[in-house]
Amino acid sequence: MLFNSLQFLVFFPTVVALYYVLPHRFRWLLLLVASSYFYMVFVPKYILVIFALIIVDYVLGICIENAQGSRKKLYLVGSICANLGVLFVFKYFNFFNDIFAGLAGLWHLNYPVSALTLLLPLGLSFHVFQSLSYVIEVYRGKQKAEYDLRTYAQYVMFFPQLVAGPIERPQHLLHQFKELHSFNYGRAVSGLRIILWGFFKKLIIADTAAIGVNHIFNSAYQAEGLTLILGAVLFAYQLYGDFSGYSDIAVGSARILGFDLINNFNRPYASHSISEFWRKWHISLSSWLRDYLYYPMVLGSKGITRMRLYISIMITFVLIGLWHGANWTYVLMGALHGWYLVFGAASRLWRDKVVNLLKSLKLSFLVSGVQVATTFALVSLGWILFRSPTLNDAWYYILHLGSGLSQIYKLSYLESIFSEQTLGLTHVKIVLLLASIAVLELVQYAHAHNLLDKLFFQQPHWVRWGLYYALMFFIIYFANSGAQPFIYFQF
Amino acid sequence: MSPDLRKFIYTALIFAGIFFILDGLIGIQIKPYFMASAGDYLNIYESLTDKNDADIIFIGNSHTEHGLDSSLISEMCRCQARNLSTSGGNIISTYYFMREYLEKNNPPKFLVLQAGDAGTTGFQQYGVHYFLLLHKLSGADQLGYFMQTFDLNLVAKKLVKFYQYRLSLRRYLNKDLTFSYKAPDRAKIDTFDPLIGQMLSEREKTLISTENSRSVEIPLDSAALSYLAKLGSLMSNRGVKLILVTPPEPLTWLHLVKSTTAIAEAVSKEAGVLGLLYYNFDTPSNPIVNQPSYFYDEQHLNSDGAHAYTLQVWDELGKIYVGNN
């Protein structure tokens with residue numbers, strides 16, 4: 001079920017009402033039934049995949065806790081194989097099969113393995129990673145194995161974050177299913193506020209930007225540099241609005257039910273470096289890979305060396321790319337980010353010298369602005385790979401980013417780019433989209449600098465309600481019709 | 001009830017009350033501009049509410065909506081033929097729709113139902129606009145539909161009145177007062193599907209190469225079967241001859257990803273059980289399916305294709321119609 005569907009408008013209040021009406025001992029059943037329904041609206045049969053993984057990890061989690069030595073490791077490996085095996089079969093088999101078939105073709109060898117005809121279960125990468133987090137934490141002794149299957153099933157299937165995260169850790173989420181949640185006015189209002197903000201990001205920014213992005217990427221071979229740059233920038237905001245909007249709705253929905261989910265985003269486009277960007281973008285995934293892959297690789301038994309650091313960075317980011325999808329465009333996007341970070345680490349000393357020099361000349365503001373702009377440009381370059389259907393398309397797009405820029409000073413040229421013909425958006429929509437992006441950045445800035453209390457929360461009721469109504473009607477009247485799926489559902 | 005919950009309920013009621021007042025005030029400004037998402041639906045509503053008898057009714061989803069020219073049939077049969085198909089229509093909405101129609105109109109002589117395509121023989125996930133029709137029907141019918149499908153969209157549709165205002169605001173801003181509906185030129189549509197992560201055209205290639213067992217191969221699910229039987233019974237009781245037809249689709253497209261033979265066999269078997277006539281125009285021997293210029297996208301006939309298909313339908317239907325008159 002999509003959060004931005006009419007169904008959710010009925011589903012969620014019903015679940016909340018029943019949740020607080022039911023005694024605590026029956027709530028697990030409600031959450032499991034609701035989560036199953038939520039998931040089965042997409043492709044019902046794939047619920048069986050989740051059920052199977054729940055049983056496997058539940059049993060192996062207990063086995064890991066009760067085992068010692070090599071047997072303990074064996075159970076962990078068994079769980080990892082089961083989870084990654086499912087992920088491989090559904091998501092990566094055909095990708096690697098194509099590679100092997102291509103290699104066999106090069107050597108004129110017969111390669112009889114045919115492609116699998118399976119559709120990818122929605123959000124598989126999310127709940128596989130969340131399940132793995134549980135067994136790894138049990139193995140490390142940082143989390144007690146969960147003996148109550150009902151609680152563990154809720155941990156994997158909790159509907160607000162079932163199909164697109166945030167990828168939770170057992171220490172943070174698991175115990176919350178055992179706690180008695182009483183209705184709390186403050187939490188409910190704050191949850192609704194976050195949901196409203198999430199809808200603004202998704203329905204106004206992401207879905208409107210998507211129209212412009214589709215127009216530009218679909219006609220990229222006829223477009224000039226400034227149009228292509230605009231397409232990349234709009235896609236950056238489409239992706240952010242889409243995914244962070246989803247995360248907001250997930251966090252808000254869970255909060256109303258009495259649960260706390262981790263924040264997945266923290267003003268990523270205001271980052272001063274790529275490493276800061278990855279600490280602020282899809283935090284639950286980047287921290288997952290940091291804790292379970294990058295740190296173990298870097299802190300290996302042979303100590304930290306510069307080469308080991310660089311290789312670990314590259315492996316981690318190639319896997320981040322591959323996590324997004326079985327396509328070379330994603331792999332290359334991850335590799336590009338890995339390369340950014342390796343270059344960043346290798347050039348740190350002389351970059352720091354330049355920064356310190358500029359700061360000594362009282363140019364801190366300029367330094368900060370250049371860093372943010374550069375980071376945003378580099379990230380947007382990576383998003384071109386993310387958005388392009390093939391590597392050839394991405395390559396063409398990137399190579400032509402600079403074409404025709406000599407006309408940028410001409411008003412008629414700019415008018416032709418910000419036109420309905422180029423973007424598929426009316427002038428009213430273009431202005432609304434740009435204004436909405438400005439509002440998004442201003443609100444995030446105010447939030448980051450603790451100004452929201454003064455500017456919003458301490459205002460009288462009528463001001464706050466007036467803003468709520470304005471935002472609601474703005475969404476209702478200016479959102480694009482038809483529920484657009486969230487981009488990250490595919491992962 | 002806890003004080004917090006009581007406070008929340010009172011606050012929510014006041015908030016919602018003000019919201020609906022504001023919504024109403026905005027609605028008064030823009031209501032004259034309201035229309036359903038497509039003029040087709042208004043025409044269909046008219047045929048529901050007004051006396052609008054027809055001798056032959058064609059019903060199905062967008063394949064029939066775009067692919068069958070009922071005016072051509074009217075000319076040839078010298079009678080009144082109507083095409084009441086809707087995009088995304090399915091067997092369940094068809095059943096309720098016809099029940100409503102028969103309450104307000106004389107029964108037609110023939111009801112020609114599109115069968116064999118997922119839109120008309122499955123339900124829910126393939127239906128796009130059906131709930132625009134359904135919420136016009138009686139409460140009991142809607143409840144029955146909901147119990148069959150558990151489709152929360154229908155419930156939500158009844159609650160969310162401002163959805164229609166949103167559509168009308170766009171019309172208001174565009175000063176668009178015309179009530180005509182023009183089907184989009186689907187041949188030009190090729191967008192990126194974020195759920196799939198591919199351009200739709202690329203997706204089609206992937207489907208052709210990798211998917212041989214899509215759910216569209218399931219020609220009649222259990223809910224669809226029960227509604228087909230109910231529709232057959234309803235028509236039989238009112239003396240209407242129900243005929244099943246499968247319209248043509250391009251040979252190069254869906255034939256590669258679904259087993260048309262299996263679907264035709266399943267529909268044919270069901271028609272046999274219910275004692276209905278069945279004509280399958282989606283066979284490789286039909287010249288239309290081999291002629292790409294008859295289609296404006298991977299599934300829908302263009303006007304030339306619609307003309308050719310309509311003539312084919314009348315070739316078969318005419319024999320029975322003339323025989324019955």
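F38(A) and F159(A) are both buried, where buried means under 20% relative accessible area, exposed means over 50% and partly exposed lies in between (1.4 Å probe, protein chains only). This is a predicted model, in which local features need pLDDT of at least 70, side-chain atom pairs count only at pLDDT 80 or more, and totals for chains, interfaces and linings use all residues. Residues are numbered from 1 along each chain as its sequence is written, chains are lettered from A and ligands numbered from 1 in the order in which they are written, and side-chain values use heavy atoms, leaving out hydrogens and water.

## Aromatic pairs

How many aromatic pairs does a search of the whole structure find? Over all chains, there are 62. Rings of Phe, Tyr and Trp (its six-membered ring) pair if their centres lie within 6.5 Å; planes under 30 degrees apart count as stacked, over 60 as edge-to-face and the rest as tilted. The pair of F38(A) and F159(A) is tilted, because the planes stand at 40 degrees, with ring centres 5.6 Å apart. F38(A) belongs to helix α2 (residues 24–40) of chain A and F159(A) to the loop between α6 (149–157) and α7 (170–173) of chain A, so this pair ties together parts that are 121 residues apart in sequence. Helices (H or I, at least four residues) and strands (E, at least two) are DSSP runs, numbered from the N terminus.

Another aromatic pair, W383(A) with F386(A), is edge-to-face, at 5.6 Å centre to centre and 80 degrees between the planes. Both residues sit in helix α15 (residues 364–387) of chain A, 3 residues apart, or about one turn of the helix. W383(A) and F386(A) are both buried.

## Charges over rings

Here a charge sits over a ring if NZ of Lys or CZ of Arg is within 6 Å of the ring centre and within 35 degrees of the ring normal. R150(A) lies over the face of W28(A), 5.0 Å from the ring centre. K7(B) lies over the face of Y185(A), at 4.1 Å from the ring centre.

## A look at chain B

Chain B has 15 helices and 7 strands. Of its 325 residues, 51% are buried. Among contacts (heavy atoms within 4.5 Å) in chain B between residues at least 6 apart in sequence, 78% join residues at least 24 apart.
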